[in-house]
Amino acid sequence: MRKIRLYWFFLSAIFFSCEDEAGRPPNFVVIVVDDLGWADVKSNFSESFYDTPNVDALAARGIRFTQAYSANPVCSPTRAALITGMHPNRVNITDWLPGQDPRDKKLLGPQDGDALSLDEITMAELLGEAGYRSAFVGKWHLGEEEEFWPTGQGFDLNIGGWGAGAPRRVKGVSNGYYSPYGIPSLKDGPEGEYLTDRLTDESLRFLQENKDSPFLLYLSYYTVHTPIQAAEKHIEKYRGKRQALDLGEIPHKKEGEGWTKLVQEDADYASMVAAMDENVGRVMDELDKLGLRENTWVIFTSDNGGLSTLFQKNAPTANGPLRAGKGWCYEGGIRVPFIVAGPGIGQPGQVREELVVSMDVFQTVISLAGVEQPKNDGENLAPILTGEGKLERDVLFWHFPHYHGSAWTPGSAIRQGDWKLVVFYEDDRAELYNLGTDPSETRDLAAGQPEKTAELRRLLEQKLEETNARYPMANPGYEGR
């Protein structure tokens with residue numbers, strides 16, 4: 001039996017705006033976009049090929065964090081971290097589910113759990129105990145069996161969430177992002193309906209039906225995950241933009257055994273970003289229409305970096321100046337958009353450089369709701385949001401002990417201040433970078449800075465031990481090539 005201690009805090013200096021004049025607790029809208037890279041958002045990367053006016057407007061109304069990270073370079077671990085506030089190591093989910101560790105490599109990845117345990121405490125459970133109505137809309141990817149889907153983890157409604165991480169065929173039925181979807185927790189719509197639009201339609205219905213009570217809307221778009229399927233409403237604009245680039249051969253950089261794309265140019269992908277952005281605007285407009293925006297916190301982020309690195313060339317996107325992409329512990333794989341807007345923002349339009357990470361979403365939401373919870377791995381960002389304090393965090397770390405289709409090999413990473421260490425387990429190799437002077441991670445300083453390298457290696461090992469990290473093992477069947 002879960003033991004959850006809850007109480008409502010009296011209004012205090014930093015939480016004076018967390019309830020409206022009638023004493024109603026704040027609402028929450030958490031928007032998670034699948035595989036959306038840091039540079040896919042225009043306000044993060046002004047040279048972006050994509051247009052994101054509604055997301056940029058959200059940043060102008062709130063606070064945009066430029067040094068924000070996912071808990072892991074792939075989806076399921078980060079999604080577990082977002083709703084529990086726990087580092088992926090602690091919940092034993094360090095790969096996408098169910099994972100696909102190959103048996104013909106030098107190492108064997110550790111055995112992950114196959115679902116988020118029902119013993120974990122989620123934000124939906126805590127808010128539910130405090131009187132909130134909650135809906136999960138979109139991608140879940142935290143367990144194949146229905147008992148592990150959102151309603152088994154505290155959400156009152158589940159619309160579109162199940163074991164799959166992308167639109168996929170079920171009994172031969174699926175058109176990906178176009179109906180019929182083949183998603184067992186979502187009724188198919190009319191022919192030609194686009195999944196991103198449909199998930200927003202369902203979200204607006206939830207807002208309308210729950211406007212008079214505190215609510216949590218967790219809107220988890222499947223887009224911009226593969227399969228890359230153009231949003232027909234937006235595709236012609238980006239085909240024109242693509243043609244105007246007058247590109248010859250698309251530039252790439254070798255990354256291990258893979259290739260990183262260096263320029264954003266995919267019109268189909270751009271149209272998917274545009275559809276996402278348009279629908280974020282629809283959610284914000286509905287909050288205005290219902291008179292809810294002044295008492296609703298909106299958090300916008302992604303589950304990992306953009307998909308720019310694959311064994312073959314021409315991945316869907318590029319991550320601007322950041323190295324590599326989804327699946328890698330370089331910056332392109334873990335740096336993500338992170339925007340918070342809502343009542344009591346001390347100074348709208350701020351750009352902050354504090355280190356923030358996925359687990360902070362959980363901690364911030366429950367803190368703003370006035371719900372007590374024993375300390376987890378997240379930090380409460382409310383003092384930053386209200387202008388009453390700052391975040392003292394100096395260290396973040398990542399553990400991805402698996403092989404991945406992006407050409408990543410098992411490894412981990414840690415950031416302390418501007419210093420970043422990346423460790424690869426196949427050959428016990430460590431790389432050291434200074435992000436202050438080299439945000440693109442092009443100059444490995446490990447050989448010239450052995451003391452700093454050893455210091456960060458010890459700190460990483462300490463953090464991994466504290467979070468019960470599991471390591472890859474030597475493969476006895478590996479013959480080498």
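Predicted model: local features only at pLDDT ≥ 70, side-chain atom pairs only at ≥ 80, totals over all residues.
Visitor: What makes H4 roughly parallel to H6?

Guide: Helix H4 (residues 195–209) and helix H6 (residues 267–289) pack at an angle of about 10°, with their axes 10 Å apart. Angles under 35 degrees count as roughly parallel, and that makes H4 roughly parallel to H6. On the H4 side the contact is made by Thr196, Asp197, Thr200, Asp201, Leu204, Leu207 and Gln208, while H6 contributes Ala275, Met276, Glu278, Asn279, Arg282, Val283, Glu286 and Leu287. Sorted by class, this contact of H4 with H6 comprises six nonpolar, four polar and five charged residues.

Visitor: Which strands does H6 lie across, and at what angle does H6 run to E7?

Guide: H6 lies across strand E1 (27–33), strand E7 (215–221) and E10, and runs at about 170° to E7. Angles over 145 degrees count as roughly antiparallel, and the direction of H6 relative to E7, at about 170°, falls in that class.

Visitor: What makes E6 and E13 the edges of their sheet?

Guide: The open sheet has eight strands in the order E6-E5-E7-E1-E10-E12-E2-E13, and the pairing is mixed. Strand E6 (157–159) and strand E13 (350–352) each have a single partner strand, so one side of each is left without a neighbour in the sheet. On average, neighbouring strands of this sheet are turned by 15° against each other, direction ignored.

Visitor: How do you know that E2 and E12 count as paired strands?

Guide: Pairing asks for at least two bridges, and two bridges join strand E2 (residues 63–65) to strand E12 (residues 338–341), the two running antiparallel. Within this pair, Arg64 has Ile339 of E12 as its bridge partner. Helix H1 (residues 53–61) lies across E2, strand E10 (296–302) and E12, and runs at about 55° to E12.

Visitor: Which strands make up the three-stranded open sheet, and in what order?

Guide: The order is E8-E9-E11, with antiparallel pairing. E8 and strand E11 (309–310) are the edges, because each has a single partner strand and one side is left without a neighbour in the sheet. Strand E8 (residues 252–255) pairs with strand E9 (residues 258–261) over four bridges, and Lys254 stands opposite Trp259 in E9. E8 and E9 form a hairpin with two residues between them, and Gly256 in the turn has a positive phi of about 60°. E9 and E11 are joined in the antiparallel sense over two bridges, with Thr260 opposite Thr309 in E11.

Visitor: Why is Leu107 counted as buried?

Guide: The relative accessibility of Leu107 is 8%, which falls under the 20% cut-off, so Leu107 counts as buried. Leu107 belongs to strand E4 (residues 107–108), and the residues that it touches include Tyr403, Tyr425, Pro472 and Met473. Leu107 and Pro472 are 365 residues apart in sequence, yet 6.0 Å apart in space, C-alpha to C-alpha.

Visitor: What is the phi of Asn314, and why is this residue called partly exposed?

Guide: Although Asn314 is not a glycine, its phi is positive, at about 75°. Most residues other than glycine have a negative phi. Asn314 has a relative accessible area of 42%, between the 20% and 50% limits, and is therefore partly exposed. Asn314 is found in the loop between E11 and helix H7 (331–334).

Key. Residues numbered from 1 in each chain as written. Heavy atoms only, no water. Axes fitted to C-alpha atoms, helices over the stretch in contact; angles between N-to-C directions. Parallel < 35°, antiparallel > 145°, perpendicular 65-115°, else oblique. Contact = heavy atoms within 4.5 Å. Nonpolar A, V, L, I, M, F, W, Y, C, P; charged D, E, K, R; others polar. Buried < 20%, exposed > 50% of the residue type's maximum accessible area, 1.4 Å probe, protein only. Lists of a residue's contacts leave out its neighbours within four places in sequence.
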